[in-house]
Amino acid sequence: MTAHLPSAAKVLNPIAVGILSLAVISSPVSAGERVVIASTGGAYDRALKEAWFAPFTKATGIEVVTVVATNSEMRSKAAAMAKTGNVTWDLYLDGEIQAASKTHREATENLTEFCRQFADRKDLGAEACSAGGVLLQSTATLMAYRTDLPGEAVPATWADMWDTKKFPGERAFPNFDDPWRVMAAALLADGVTRDKLFPLDVERALAKLDQIRPAVSLWWKTGDQSVQGFRNGEYALGQIWLTRAKAMRNEGLPIAWSYKASFLVGDRIALLKNAPNRENALRLMAFWLNSPKAQAEACEILSCTPPSRDAIALMSNEARQTMPQGEEVRDYVIVPDAEWINENAAMMLQRWNEWIR
């Protein structure tokens, strides 16, 4: 749903960009070159460093410097840097939905010309590279739960999340500048069907959240905080990202999840306007899309869906099976209405902040 955007910054012409991407592996740069990217830290960053950043540095000599911030911090910082012109980051990760918003467009460079070099790639989907950013991965926000709790019942739906008698234990939900997913879960728990979910009935959602609020022990702001909370036994059921749940399973933690309680989401790599290391940033993004191996290795760890079908073919059967499958997406996984969410983001955030206080 990302729109084609008017160019707001100087971009390389398609021929120059094509030459740039071809030169990534063959032309290392001088020492001291770097690119700065903001992400959410923890297991997510470790997977990206191992699969993407380290091979990129080895091939090009360009150091990848990571900055850790929450999603809301990244968006507010990007907006502030664009407004003041004091830009210290080159790239940051933004949600698939937010990457189609007006606020995102105001802070980031239009990548339409950069994306032309990937237009004929048969392994990449049509939206793998778009004006708002390069697709990093697709995944899900879903209900995860401990598997070491007493009893034989297994939670599967958002209604189960709200059923504290059948499924006792503390709960966890995200609390940042993107509350639609918590509200949507509440409405589904309250009996709203998938086809009637959007537009969200915000007041009904908050009323349903009133019912579960006493059981919520963790309102997490970063993916790493959701991991630490689970690891420390702070909650038994939680709405978290699949990438984090899979990383915890890889650690041997007692966790499982349900696609019957999930929303399809993803991340894009956005280029800030007037980025200080712009060309290096373009090379890092091109390296990602041109490297099915890097994509496969990252998504093998995180159980995400990479932008390249060739990358999916390189992943293990076990990793492919933990990705949202076609039938699950068709029957259960909610594809959010990005246009409605962006148009109503300010209203939802205001009501959420009033409620969460």
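1. Helices (H or I, at least four residues) and strands (E, at least two) are DSSP runs, numbered from the N terminus. By this rule the chain has 17 helices and nine strands.

2. The model is predicted: local features need pLDDT of at least 70, side-chain atom pairs count only at pLDDT 80 or more, and totals for chains, interfaces and linings use all residues. Residues are numbered from 1 along each chain as its sequence is written, and side-chain values use heavy atoms, with hydrogens and water left out.

3. Along the principal axes, the C-alpha atoms fill a box of roughly 60 × 40 × 35 Å.

4. Of the 357 residues, 55% are buried. Buried means under 20% relative accessible area, exposed over 50%, and partly exposed in between (1.4 Å probe, protein chains only).

5. Pro199 is in the loop between helix H7 (180–189) and helix H8 (202–212). The peptide bond that joins Phe198 to Pro199 is cis, with omega about 0°.

6. Asn274 is not a glycine, yet its phi is positive, near 60°. Asn274 is in the loop between strand E9 (255–271) and helix H11 (278–289), and counts as exposed because its relative accessibility is 60%.

7. Ser303, also a residue other than glycine, has a positive phi near 60°. The loop that holds Ser303 runs between helix H12 (292–302) and helix H13 (309–314). Ser303 counts as buried, at 0% relative accessibility.
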